[in-house]
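Subject: Structure for you to look at

Hello,

Here is the structure I promised to pass on. Please open it alongside the notes below.

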Amino acid sequence: DLALANDPDADRLAVACKDETRFRILNGNEIGCLLAHHLLRSKKNSRSTKGPCILSSIVSSPWIYEIGKIHQCRVEQTLTGFKWISNRALELEAEGYDVVFGYEEALGYSVGSLVRDKDGIGAAVAFADLVDRCTQEGRTLVQELENLWRRTGLFMSRQVSRVLDGEQGSQTIREMMHAVRSCPPHQMADWKVASISDLQTGLRRYPDGKSEQVPLPRSNVLSISLEPGHRVMIRPSGTEPKIKLYFDVRLDFNERDSFALHEQYGNSVLDALESALEAHFMAHMNTPMSA
């Protein structure tokens with residue numbers, strides 16, 4: 001009923017679970033939010049003075065904030081990479097918080113304070129405990145996932161990575177970032193832009209011209225928030241000749257709704273956002289996208 005897999009150095013965890021007659025592969029945000037919910041439910045007593053806290057990277061799903069609301073838990077997002085997550089965890093613990101869990105959507109998880117880095121083995125043990133709990137309470141892991149979505153809204157995510165080699169590729173990546181900075185979109189597909197955050201300047205700008213500081217270190221990352229709660233993020237890879245595009249959607253989802261229909265609609269929204277971003281690049285770039 002369950003498959004858990006670590007990569008060769010065992011710092012990441014992948015999960016697949018039985019969904020009726022087939023196996024469903026969970027993405028990094030689904031694993032991370034399920035684990036966060038489970039660990040916060042399991043938390044009994046804390047010696048901290050300010051209560052529990054969970055951390056994730058900025059490109060991980062906004063869903064984690066809804067998990068925090070359920071448990072009245074502080075949630076923070078850091079720059080991508082566990083050096084940021086782990087260092088912030090140490091700072092928060094010094095302030096009196098109990099950092100229960102940290103994760104990034106690229107299948108990296110840190111449970112508790114024993115390992116200050118991605119730890120696929122500790123995450124696998126915690127996830128097995130979650131599945132055992134679901135079994136004892138009479139539901140499958142997929143039912144646990146759907147039940148959580150009905151409490152928080154249905155969150156779906158997609159990551160697209162484009163490899164752009166050589167100097168021509170580097171130029172294309174620079175132009176893709178410039179296309180959004182110099183000509184910010186006001187709408188993507190059917191959804192109006194609510195704000196655009198540029199971590200390179202440290203500013204979040206709104207359509208009415210107002211702006212505010214983003215409380216994060218400077219980084220070459222753009223985040224586009226859309227009115228219904230959808231989000232698009234763009235950043236070059238720090239280690240490979242790639243640009244990474246992240247799409248997140250949020251849908252209302254209650255007891256009467258069909259999960260299959262909502263999932264189908266969510267995928268159509270992800271498709272629409274991906275196409276809208278592609279069209280924006282094409283309209284405001286000099287270098288062909290295929291470079």
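Which strands does α1 lie across? α1 lies across β4, β6 and β7, and runs at about 170 degrees to β6. Please keep in mind that this is a predicted model.

The sheet comes next. It is open, with four strands in the order β5-β4-β6-β7 and mixed pairing. β5 and β7 (108-111) are the edge strands, each pairing on one side only. From one strand to the next, the twist averages 15 degrees. β4 and β5 run parallel and are joined by five bridges. Serine 57 has threonine 78 in β5 as its bridge partner.

α2 lies across β4, β5 and β6, at about 160 degrees to β5. Four residues of α2 (63-70) are buried: Trp63, Ile64, Ile67 and Gly68. They span an arc of only 150 degrees around the axis, so they are on the same side of α2. Their cover includes α1, β4 (52-57), β5 (74-78), β6 (98-104), α5 and β8 (154-163). Just after α2, glutamine 72 has a positive phi of about 50 degrees.

Now the helix pair. α1 (residues 28-42) packs against α5 (residues 141-152) at about 85 degrees, with the axes 11 Å apart. The two are therefore roughly perpendicular. α1 contributes Glu30, Cys33, Leu34, His37 and Arg41 to the contact, and α5 contributes Leu141, Glu144, Leu145, Leu148, Trp149 and Arg151. Of these contact residues, six are nonpolar, one is polar and four are charged.

Best wishes

Notes:
Residues are numbered from 1 along each chain as its sequence is written. This is a predicted model: local features need pLDDT of at least 70, side-chain atom pairs count only at pLDDT 80 or more; totals for chains, interfaces and linings use all residues. Side-chain values use heavy atoms; hydrogens and water are left out. Axes are lines fitted to C-alpha atoms, for helices over the stretch in contact, and angles run from 0 to 180 degrees between N-to-C directions. Angles under 35 degrees count as roughly parallel, over 145 as roughly antiparallel, 65 to 115 as roughly perpendicular and the rest as oblique. Contact means heavy atoms within 4.5 Å. Ala, Val, Leu, Ile, Met, Phe, Trp, Tyr, Cys and Pro count as nonpolar, Asp, Glu, Lys and Arg as charged, and the others, Gly among them, as polar. Buried means under 20% relative accessible area, exposed over 50%, partly exposed in between (1.4 Å probe, protein chains only). The arc is that of the directions from the helix axis to the C-beta atoms. Two strands pair if DSSP finds at least two bridges between them.
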